[in-house]
Amino acid sequence: MMRGVFVTGTGTEVGKTVVSRALILGLQHRGTRVAGIKPIETGWNERKGDAVLLADACQKPELVQERGLYRAAAPLAPYAIELSGAHPPLVLEQVLEATRKLAAFADFAVIEGAGGFYVPLGRDETMADLASGLGLPLVLVSLNQLGVLSSVLCARECIERRGLFLRALVLVEPQARDSSFEHNARILKERLRTSVIHFPRCEGDAALIHAALDSGLVDACLSKA
C-alpha cells in the first residue's frame, strides 16, 4: 500500500509546488526514498513545469512522463480543455494506475494535485476523486492572507465529507503581509484537528530543506496520527 501524502490547495498559485518540493527534499535529507509526482498538469511545459520540479528534487526524471499521466498545454481545468476539444478526455483510472506504478519504488510518495480540491477533471469527476482513489492523507496549502479562514474551513469540510484525513495545513507566507497575517494561524488552530504549519518564503534547495524541517512539515507528514 502506498505511503505518502496528497498535496492540495485552496486554489491555484498558493504554493503547492514549493511546499511539495520542500517536503521531498526534507524527506530525502532524512534518508527517505521519495517519489514526487504531479499526475495531472495543465499549462504543461516539459522543461520547467511543476512535474519537472518535483522529479528534479527526487533526481528521477522518469517521474515526469508515464503512459496514463495527464499533460495538456492549455492552462485550464481538464474538463474545460475537454470541452474545448484541445485534448482527449482525462481518464482517471489511467492516471491512478500510472501514479501508483511510478511511486512503487519509494518509501514515501508526495503527490501534488492541480489547482484546488474540486477542480473538474471531467463531467462528473474532480480532483477530489483523484485524492480519494489514492487514499492518502492530505496536506492543504494556502496563502496566509485575508480570506484564508473561509477558504481553509470550506476545504476542510469538503475533505472530511469525502472521508479523507487532513494531515496538515500549510500557511505560506505571502509576498506582502496584510492585517490578518498574525491571527489566521491561531484561529485555524482553534477550529482544525490537525497541524497548522507556517511556511516561509524561500528559494534554493538548502533553504527549502531547512524550511521543511524547521517548520515541522516533515515530522507532520511522517506522523501516523
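Predicted model: local features only at pLDDT ≥ 70, side-chain atom pairs only at ≥ 80, totals over all residues.
Val-5 has Val-110 as its bridge partner in strand 5. Strand 5 covers residues 108–116, and five bridges join it to strand 1, with the two strands running parallel.

Strand 1 also pairs with strand 6, which spans residues 138–143. Here there are four bridges, and again the strands run parallel.

Because six of the six residues in strand 1 (residues 4–9) are buried, the strand is largely enclosed by the rest of the structure.

A second part of the structure to look at is a pair of helices. Two packed helices are described by the angle between their axes and the distance between the axes. Helix 4 (residues 92–103) packs with helix 5 (residues 127–134) at an angle of about 45 degrees, and their axes are 10 Å apart. An angle from 65 to 115 degrees would count as roughly perpendicular and one under 35 degrees as roughly parallel, so helix 4 and helix 5 are oblique to each other. Their crossing is right-handed.

On the helix 4 side, the contact is made by Leu-92, Val-95, Leu-96, Thr-99 and Arg-100. Helix 5 contributes Asp-129, Leu-130, Gly-133 and Leu-134. Sorted by class, this contact has five nonpolar, two polar and two charged residues.

Conventions
Residues numbered from 1 in each chain as written. Heavy atoms only, no water. Buried < 20%, exposed > 50% of the residue type's maximum accessible area, 1.4 Å probe, protein only. Pairing = 2+ DSSP bridges. Axes fitted to C-alpha atoms, helices over the stretch in contact; angles between N-to-C directions. Parallel < 35°, antiparallel > 145°, perpendicular 65-115°, else oblique. Left-handed = near helix turned anticlockwise from the far one by under 90°. Contact = heavy atoms within 4.5 Å. Nonpolar A, V, L, I, M, F, W, Y, C, P; charged D, E, K, R; others polar.
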